[in-house]
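Please open the structure in a viewer and keep the selection tool at hand.

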Amino acid sequence: METTMNQLRAWYRDNVADDPVGLHLTNPPHFLSAEEVKLNSGVEYEFIADTEDQAELDKLRKGCSHYDWLDFSKDTGTNFEENRVKFAQEHLHADPEKRLITDGGGFFEVRDQDDRWIRLHLKKGDLITLPAGIYHRLYLDDKGYVKMLRLYTETTEWVALNRGPEADQHPVRAQYLNSLHEKVISVQ
């Protein structure tokens, strides 16, 4: 799969559970554009050419209640195995969040309106906005390292609700599903 530096790499994921760093393409592969990802999941994509430009980072942080940096690899962080398991667990957040990859890469997987996994291979410069209430998870890619700026719009820390009855019945989940349903109807 060849892409330019500023093009989202996204596709529907197969249902094979092993090897989280593999591509997991369906057969035949079903690639998605950034517009299709947004329509089917509500996830927005943007490319930031210079992730070290302080003015650009300040602009991204404007309007956010909090931000932090995640430096995630076997070599850079404590509690690597605990975090690997935590981020790979399907979960949602009660407020929208942005993720800017500033080094390395990883696979963000998000659920579409039909509960299918969309796999986003994010690398340096990729910025996604996750709507509140979307189920998602994160795996490192074959490089085994990702550094990202995490931006929170309403909370001051990373708070996840793992998939289950509590998350399924959370009001933000219903709001998210209704917003997707409205988008699909407006396009038809």
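In which loop is the place of Asp115? Select Asp115: its place is in the loop between strand E6 (97-111) and strand E7 (117-123). Helices (H or I, at least four residues) and strands (E, at least two) are DSSP runs, numbered from the N terminus. This is a predicted model, in which local features need pLDDT of at least 70, side-chain atom pairs count only at pLDDT 80 or more, and totals for chains, interfaces and linings use all residues. Residues are numbered from 1 along each chain as its sequence is written, and side-chain values use heavy atoms, with hydrogens and water left out.

Asp115 has a positive phi, near 70°, in a residue other than glycine. Asp115 is partly exposed, with a relative accessible area of 32%; buried means under 20%, exposed over 50%, and partly exposed in between (1.4 Å probe, protein chains only).

Next, select His24, in the loop between E1 and E2. Its phi is near 55°, again a positive value in a residue other than glycine, and His24 is buried at 8% relative accessible area. Pro28 is in the loop between strand E1 (9-12) and strand E2 (31-32); a cis peptide bond, with omega about 0°, joins Asn27 and Pro28.

Then display Trp11, Phe31 and Phe107, which ring pairs link into a cluster. Rings of Phe, Tyr and Trp (its six-membered ring) pair if their centres lie within 6.5 Å; planes under 30 degrees apart count as stacked, over 60 as edge-to-face and the rest as tilted.

Finally, select Arg119, which lies over the face of Phe107, 3.9 Å from the ring centre. The criterion is NZ of Lys or CZ of Arg within 6 Å of the ring centre and within 35 degrees of the ring normal.
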